[in-house]
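Hi everyone, thanks for coming along. Please have the sequence and the 3D view open while I talk, and we'll walk through it together.

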Amino acid sequence: MAEGQNKGNQNQNQNQGKGQQQDLNQLLKVRREKLAELQEAGQDPFVITKYDVTCHTAEAKEAFEAKWPKPAEGEEAPEIPEEERMEVSIAGRLMSKRVMGKASFGNVQDLKGNIQLYVTRDDLGEDEYKAFKRMDIGDIVGVKGYVFRTKTGEISVHAKQVTLLTKSLQILPEKFHGLTNTDIRYRQRYVDLIMNPEVKDTFIKRSKIISSIRRFLDDQGFMEVETPMLVSNPGGAAARPFETHFNALDEDLKLRISLELYLKRLIVGGMERVYEIGRVFRNEGVDTRHNPEFTLMELYQAYTDYHGMMDLTEAMYRHVAEEVLGTTKITYQGVEMDLGKPFERITMVDAVKKYSGVDWNTVADTEAAKALAKEHHIEFEDFHKKGDILNLFFETYVEEHLIQPTFIMDHPIEISPLTKKKPEDPDYVERFEFFMNGWEMANAYSELNDPIDQRERFAAQDALADAGDDEAQHTDEDFLNALEVGMPPTGGIGYGIDRLVMIMTDSPAIRDVLLFPTLKSLDK
């Protein structure tokens, strides 16, 4: 009996699904028929090339509110003399429509918000009012009229003319439930932006963050530049590259994994302060904080060191938060971080001692480090050395505690092939990573400018590659030649822009701050 009921339920669900699909197909068919009728009547919306817009909806509301404030409770809005009416011309997507005989209401959404429409047959005329009633949710319209306040207190546009600018041939998701399926949201970001105002706000804020960074750096005397994305020898980071083939030269090339080596060439050329904000590509996995293509900013400043990069980072983060968010206190997923206080600065060795109890200054050599790793159940590779294992201890015991802005300084040389050694301790280098919310947000060096030392470190990286490390870097002869020409003492840093946007917009995943994140093809 139960089995029969289950089959019955399955058949009922299948029939409902078929019915819904048939209903959808019919609705789509009706929209195309409406378009055909318009075209036959010489009213094809797709031949319209422009529409004069005087303001956005939010600007219309703000201007009206400033001139005609909302009356006190119990009072009616005053009648505005015709000669003082605020005439507007707006355009946007029709998000709702309620027809009531000779008068109708609608709602138009544009970049900055939405506003109610009041549309009557007397104002538009018989034919235009019929045309309005046949418009669909999702159509893009232009509206000319004047702003007023309804009896319920809502600022609206009394339409004198409504023009269909684009016929929507698809059905938007039902407004009450919205678009919630994350996979569809990422694949059809254009619908996501229409249906979820907070998504649009996130990407508007992303744009403002990047603009704020540019203004800050421009005011500091930095010059924005562009460097190649297709390279024969990707360097500047430990990562596996994407590979491609250049037909014209019959040569294999790779997509860049970093911006570093070309920007340093510009420092050699005397440009002194340069930065680039651009996409880099790393052939790695996808998770809430990683996407194979992401936005990186790197900057290089001659005649300073990693302490200078710390000062710049602290000032820049504070500036961006104040300019974009209006506060230096950020709340991310319920956790508050304060950019207004001085950022903590601590060495990697001291941080590991603080959170694991292991004093790395007492670890004699690689064998002792591996023994400690086994004792603490930390996995490592055969080719790892003492410094590599210190970094594994750091990742295991320290990172999760670095919630407030923190600079982790003085990394082991084994994991820093492009960084200057500390003069007083050549096992470590002048490097820091900047952390917030337990995430690495930036990576900075006192840049290595000794070409002989750099060649030796490239050789060590080549050996790692030969031993099977597919993220190791390779010797770059042209970069070595640039260093031999002479690079001044330089501070350099790389910032992950996407993670910064995540924190400043309280977005839980990197895909939420990428307009078009990398997704597996639906036909795979």
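Let me begin with a definition: the radius of gyration here is taken over C-alpha atoms, and the rule for a globule is 2.2 Å times the number of residues to the power 0.38. With that in hand, a compact globule of 524 residues would have a radius of gyration near 24 Å, but this chain has 30 Å. Its C-alpha atoms fill a box of roughly 90 × 70 × 55 Å, taken along the principal axes.

Two notes before we go on. What you see is a predicted model, in which local features need pLDDT of at least 70 and side-chain atom pairs count only at pLDDT 80 or more, while totals for chains, interfaces and linings use all residues. Residues are numbered from 1 along each chain as its sequence is written, and side-chain values use heavy atoms, with hydrogens and water left out.

Now the overall picture. The chain has 15 helices and 19 strands; these are DSSP runs numbered from the N terminus, with helices being H or I of at least four residues and strands being E of at least two. The accessible surface comes to about 27,100 Å², and 48% of that belongs to carbon and sulfur atoms. Those areas come from the Shrake-Rupley method with a 1.4 Å probe, and for residues only the protein chains shown count as cover.

How much of the chain is buried? Of the 524 residues, 46% count as buried, where buried means under 20% relative accessible area, exposed over 50%, and partly exposed in between (1.4 Å probe, protein chains only). As for contacts, meaning heavy atoms within 4.5 Å, take those between residues at least 6 apart in sequence: 65% of them join residues at least 24 apart.

Let's zoom in on strand 15, residues 406-412. Seven of its seven residues are buried. On the pairing side, two strands pair if DSSP finds at least two bridges between them. Strand 15 runs parallel to strand 14 (residues 344-347), with four bridges joining the two, and Glu344 stands opposite Thr406. Strand 15 also runs antiparallel to strand 17 (residues 425-436), through six bridges; there, Met409 has Phe432 as its bridge partner.

For contrast, look at an open sheet of three strands, ordered 7-9-8 with antiparallel pairing. Its edge strands are strand 7 (230-231) and strand 8 (243-246), each pairing on one side only. Two bridges join strand 7 to strand 9 (residues 251-255), and Val231 stands opposite Lys254 in strand 9.

Next, charges. Side chains of opposite charge can pair when their charged atoms come close. The rule for a salt bridge is a side-chain nitrogen of Lys or Arg within 4 Å of a carboxyl oxygen of Asp or Glu, and by this rule the count comes to 34.

Lys422 sits in strand 16 (residues 421-422), twelve residues away from Asp410, and both residues are buried.

Another joins Asp192 and Arg185, with the closest N and O atoms 2.9 Å apart. Why does Asp192 count as buried? Because its relative accessibility is 0%. Arg185 is buried too, at 13%.

Arg215 and Glu323 form a salt bridge at 2.5 Å, N to O. Arg215 lies in helix 7 (residues 197-219) and Glu323 in helix 9 (residues 306-325), so this pair ties together parts that are 108 residues apart in sequence. Here Arg215 is partly exposed at 42%, and Glu323 is partly exposed at 37%. There is also a network of salt bridges linking Arg31, Lys34, Asp136, Asp139 and Lys167.

One last stop: Trp68. Where is Trp68 placed? In the loop between helix 2 (57-67) and strand 1 (86-100). At 19% relative accessibility, Trp68 counts as buried. Not counting residues up to four places away in sequence, Trp68 touches Pro78, Ile80, Pro81, Glu84 and Arg149. The C-alpha atoms of Trp68 and Pro78, ten residues apart along the chain, are separated by 8.6 Å.
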